[in-house]
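Please look over the model below. The briefing covers its domains and its charged pairs.

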Amino acid sequence: MAARRKPALICCGAALAAAVVLAAVFTALYFTVLRPRPPRVTATVVGTRVSAFALIPSPALNLTFDVAVVAYNPNRAAFEYGEVVTVVRYHGDAVGEAVVPRGEVGARASAEVRAAVEVDTVEVFSSPYFPLEGIAGALPFETATTVAGKAVVLGVFKIRASSVVTCGVTVYPLRKETTSPQCTSTVHVG
């Protein structure tokens with residue numbers, strides 16, 4: 001009876017050893033190669049256009065921000081993102097918004113999206129800060145760009161990520177110049 005059990009024990013032991021080795025290989029692959037990582041997103045104000053500025057006889061301001069968003073996907077699967085929303089704020093109040101349609105960044109690739117945001121001058125003029133800052137010739141704006149999406153590796157491993165990039169820009173409309181934007185990026189995973 002013991003002679004019949006020996007081949008069955010060897011077969012079961014070999015199957016168990018193979019299962020343990022396969023589990024170890026898949027675990028190592030997940031933590032080294034296939035592990036989903038959040039994308040790296042940077043947004044910068046690449047230009048501003050001031051086509052008109054006047055305080056007298058009636059206030060006038062035509063201002064457009066050009067924003068470039070670059071997303072790098074370090075995963076071995078594509079990263080699908082939803083609409084890219086860029087909002088321009090003047091002292092915390094939204095004065096302009098641009099929406100870029102959804103898209104995809106290939107595996108281990110980069111993609112650039114550009115948006116032009118026109119500033120709603122009525123909102124800027126209605127701010128209590130505008131008269132003094134308009135006379136001083138320096139208008140502080142903030143741009144906030146939001147990108148959210150997901151990467152799916154092998155149809156099993158998923159990661160959701162969103163990134164918000166905020167840039168502070170001061171516009172000097174009399175000189176038609178801007179300061180270099182100071183940007184911060186925040187990534188939320190999960």
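How many salt bridges (a side-chain nitrogen of Lys or Arg within 4 Å of a carboxyl oxygen of Asp or Glu) are there between domain 1 and domain 2? The count is zero. The model is predicted, so local features need pLDDT of at least 70 and side-chain atom pairs pLDDT 80 or more, while totals for chains, interfaces and linings use all residues. Numbering starts from 1 along each chain as its sequence is written, and side-chain values use heavy atoms, without hydrogens and water.

**Domains**
- Domain 1 spans 1–35 and domain 2 spans 37–189, with bounds from an automatic or database domain assignment.
- Five residues from domain 1 and six residues from domain 2 make the contact (heavy atoms within 4.5 Å).
- The C-alpha centres of the two domains are 53 Å apart.

**Salt bridges**
- Four salt bridges occur in the structure.
- One of them joins Glu 142 and Arg 89, at 3.5 Å from N to O.
- Glu 142 lies in strand S8 (residues 139–153) and Arg 89 in strand S4 (residues 84–90), 53 residues apart in the chain; strands are DSSP runs (E, at least two residues) numbered from the N terminus.
- Glu 112 and Arg 114 also pair, at 3.2 Å from N to O.

**Accessibility**
- Buried means under 20% relative accessible area, exposed over 50%, and partly exposed in between (1.4 Å probe, protein chains only).
- Glu 112 is partly exposed because its relative accessible area is 47%.
- Arg 114 counts as exposed because its relative accessibility is 52%.

Methods: Helices (H or I, at least four residues) and strands (E, at least two) are DSSP runs, numbered from the N terminus.
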